[in-house]
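Subject: Structure for your files

Hello,

Here is the structure I said I would pass on. My notes on it follow below.

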Amino acid sequence: MDLVHPSAGTALMSQWLTGTAERSRTAADTMLGEWASAPAPPGRLAQHIFLAADGSGLLFYAQWSSDEAHLRWARTHRPQLVSRVDALVPGIERPGLTRTRLADSLVHDATRPAGLLVVSTAAHEGNDTAVLTAGMPLSGLLATYVHHTQDGEQTIRITEWGHARDYEAPRTTGPGRQYTLYGGVVDEDGAAGLTLPLRQA
């Protein structure tokens, strides 16, 4: 997947806490099926699902042209979609949606697929360069992306790694929530193209 989309006006992140890998996969497969079978909503550019490394939940990362486009869709379609998932996987905890903007990125290797995604959140201190280059250079680090929350109070750092063992090395950049890419859609010309699931986890 490509976290740098020239038409993206907003990047949305949300966690679903399911409790087990089996429940996570059932919820993810249901969402992927719904996305693939429905016309692409106006303004949605891409939507991806990541499975927590410990299987306890999912991370959704969506790119839309604007927050307004997402809100129009959410008001009319999201409740029915979520209710269908909840019928199959009851009791999912959803801490909330975080609206962000991609502030900066640094790609070291665009040719290798990412085997691990690490997400960390910190108070925004205004120095994106320091966040991008913290701990550099690191073997196995493919890319770093810095997002700011809409209220400007937090910085979310996403790093892509070739393999989990690269991140677990002693020279790691610090703690973060670990995920593997599970599936997603990339919207083209009004159609939702199912690009995955990868089922790497």
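pLDDT is the predictor's confidence in each residue, on a scale from 0 to 100. It applies here because this is a predicted model. Over the chain the mean pLDDT is 89, with 90% of the residues at 70 or more.

Strand S1 (residues 10-17) has the highest, at 98, whereas strand S9 (residues 191-194) has the lowest, at a mean of 50. Over residues 197-201 pLDDT stays under 50, and for these residues the model has 14 contacts beyond four places in sequence.

Next, helix H3, which spans residues 78-88. Three of its residues, Leu 81, Val 82 and Val 85, are buried. They lie on the same side of H3, because the arc they cover around the axis is only 95°. The cover over the buried residues of H3 includes S1, helix H1 (21-37) and helix H2 (67-76).

H2 also packs against H3: the axes are 4 Å apart and the angle is about 60°. H2 is therefore oblique to H3; the roughly perpendicular range begins at 65 degrees. On the H2 side the contact is made by Trp 73, Ala 74, Arg 75 and Thr 76, and on the H3 side by Arg 78, Pro 79, Gln 80 and Leu 81. Sorted by class, this contact has four nonpolar residues, two polar and two charged.

Regards

Key. Residues numbered from 1 in each chain as written. Predicted model: local features only at pLDDT ≥ 70, side-chain atom pairs only at ≥ 80, totals over all residues. Heavy atoms only, no water. Helix = DSSP H or I, 4+ residues; strand = E, 2+ residues; numbered from the N terminus. Contact = heavy atoms within 4.5 Å. Buried < 20%, exposed > 50% of the residue type's maximum accessible area, 1.4 Å probe, protein only. Arc of directions from axis to C-beta. Axes fitted to C-alpha atoms, helices over the stretch in contact; angles between N-to-C directions. Parallel < 35°, antiparallel > 145°, perpendicular 65-115°, else oblique. Nonpolar A, V, L, I, M, F, W, Y, C, P; charged D, E, K, R; others polar.
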